[in-house]
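Colleague: Could you walk me through this one? I would like to start with the terms.

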Amino acid sequence: MKRVYVNEQWCLGCHLCEYNCAFANSGKKDMVSALAGKPIYPRVHVEGHDNISYAVSCRHCKDPLCVKSCIAGALYRGEDGVIRIHRERCVSCYTCVLVCPYGALLPGEDGAMQKCELCLSNSSGEPACVKGCPNRAIVYEERGDSL
Amino acid sequence: MKRYVIIGNGVAAAGCIEGIRSTDRDGEITVISAEKHEVYCRPLISYYLEGKTDLTRMNYRAEDFYSKNAVRVIYGESATAIDPDNSTVTVSDGSVLPYDAVCVAAGSSPFVPPMEGLDTVEKKYSFLTLDDALALEQAITPESRVLIVGAGLIGLKCAEGIQERVASITVCDLANRVLSSILDDECAALMQKKLEEHGIQFLLGDSVAKFEPDGSGSYVAHMKSGADAPFDVLVLAVGVRANTGLVKAIGGNVNRGIVVDNRLATSIPGIYAAGDCAEGYDVTIGANRVLAIFPNAYMQGHAAGVNMAGGDELFDCGMPMNSIGFFGLHAMTAGAYEGECYEETTPESIKRLYVKDDLLKGFLLIGCHERAGIYTSLIRNRTPLSEIDFELMKQGATTAAFSSENRRKKFGGVV
């Protein structure tokens with residue numbers, strides 16, 4: 001399956017991916033009304049230290065600990081290999097935070113957990129973080145595995 | 001065609017079904033479910049009482065889970081015996097089920113110590129099953145004074161769940177702190193303060209000497225300390241015991257739980273065990289113990305299912321871990337609290353990381369749980385701390401503390 005991959009040597013640390021992510025998942029038509037003047041809740045986060053930065057989002061693990069650990073049966077792996085969440089089932093217990101080795105799950109504005117679902121079902125249609133990255137530090141591609 | 005029998009219908013059983021079906025599409029699966037419910041999210045019973053979920057959303061899997069996986073479920077019955085010589089399971093309705101592999105996923109039962117006058121209390125409940133929660137819901141009114149015996153995870157989640165629906169809640173425990181199995185004194189004090197802010201009262205380091213009707217339809221618990229706790233509804237959340245009887249009865253290796261190896265096999269060929277009734281390997285103490293937590297139940301069940309179906313799945317990274325919050329204050333704990341302790345505290349938060357032999361062995365985090373799973377992965381993977389920037393990792397869990405080579409694998413490859 002196609003996944004999001006990062007190359008930290010190319011990341012400028014500009015955080016545009018976070019804004020593009022929040023916008024793509026906002027359901028709004030223009031970026032200003034979606035994001036201006038309020039805290040954003042993106043599903044990708046730029047991390048780093050010293051001179052290094054890189055964007056972290058769900059790895060869509062082949063053996064997803066978050067799915068196996070979710071006490072609400074909210075997280076699931078679709079037949080396409082994408083890890084998604086039924087947010088209405090989430091009770092914000094944070095067990096997924098306790099088990100995700102990448103720190104890829106965070107609560108949304110309403111407190112329920114949210115995660116990268118590759119923008120497959122929002123208006124972007126493909127990862128907005130990738131589309132908007134000015135230096136191709138984030139890519140969306142197949143890297144030679146089945147699922 | 002192989003015949004599988006699963007004793008129990010909780011999350012370990014669901015994991016077992018999915019494990020079997022990942023390996024064998026055709027075998028015949030029969031589940032024996034004492035509870036008359038489809039598999040549901042057991043830890044959500046307190047959230048149900050709190051109004052944060054409902055009976056539909058609490059179902060662990062979609063409506064067609066059993067039919068899609070071609071599973072026959074026998075509801076309202078339990079297994080009464082396993083006959084390993086003839087490879088059969090006897091059910092309480094008298095039927096006898098032949099098996100090629102059986103998984104004991106029978107869970108645990110509430111442990112109620114003998115307490116004087118307990119039989120005089122009419123409204124008393126355990127808090128382990130959905131039916132327990134529904135019965136408790138029927139019993140409480142806005143005027144109820146509730147006494148909960150046990151300040152562990154079950155007792156306190158129950159308290160949080162009903163806090164807005166009753167007049168008062170008192171929690172007593174023999175231990176001198178709340179959540180004594182997972183928190184140390186200082187962490188427990190922080191959590192207790194939060195619970196007290198929400199009106200929950202505590203009688204700690206104390207236990208009930210005698211229950212007595214007060215003559216007007218209510219009761220008094222006379223405590224050993226001399227204190228009296230009046231109440232209308234009693235919740236017993238002292239602890240649980242693994243349901244090991246079926247395997248013990250046929251000479252299988254049983255300690256506190258049914259002893260299993262890393263493939264979830266018991267000492268008797270063809271018989272596997274998973275979940276709260278099993279005693280599997282704990283990577284943080286290097287020995288077996290019962291790890292009665294949801295993630296282990298699923299993963300053990302899954303591995304058991306794969307192995308029952310002739311596949312090969314190891315579950316060798318079990319460890320105690322809990323993510324539990326009360327009224328917005330969140331605690332995360334994992335592993336063993338042994339070795340050198342690095343700590344950082346503020347009035348609202350506590351972080352303790354335990355290091356031994358160049359490994360992270362365990363942690364306690366209250367009010368500072370961001371990306372805690374990165375810490376958990378260090379324990380699970382037994383990552384030598386000398387290979388990472390542990391000084392940076394101490395400040396906050398971050399993948400930036402790994403080498404760039406390690407990060408390239410994590411974020412540039414398939415994991």
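Modeller: Two residues are in contact if their C-beta atoms, placed from the backbone, lie within 7 Å. This is a predicted model, in which local features need pLDDT of at least 70 and side-chain atom pairs count only at pLDDT 80 or more, while totals for chains, interfaces and linings use all residues. Residues are numbered from 1 along each chain as its sequence is written, and chains are lettered from A and ligands numbered from 1 in the order in which they are written.

Colleague: What is the mean pLDDT of chain B?

Modeller: On pLDDT, the predictor's confidence in each residue from 0 to 100, chain B has a mean of 97, with 100% of its residues at 70 or more. For the complex, the predictor gives an ipTM of 0.96 and a pTM of 0.96.

Colleague: Which residues of α1(B) meet α8(B)?

Modeller: Among them are B:Ala12, B:Gly15, B:Cys16 and B:Gly19, and the residues they meet in α8(B) include B:Tyr298, B:Gly301 and B:Gly305. Helices here are DSSP runs (H or I, at least four residues) and strands likewise (E, at least two), numbered from the N terminus.

Colleague: And by class?

Modeller: The contact of α1(B) with α8(B) has 15 nonpolar, 6 polar and 1 charged residues, where Ala, Val, Leu, Ile, Met, Phe, Trp, Tyr, Cys and Pro count as nonpolar, Asp, Glu, Lys and Arg as charged, and the others, Gly among them, as polar.

Colleague: Switching topic, how many residues of chain A are in contact with chain B?

Modeller: There are 34 from chain A, in contact with 39 of chain B. On the chain A side, α4(A) gives the most, with 4 residues.
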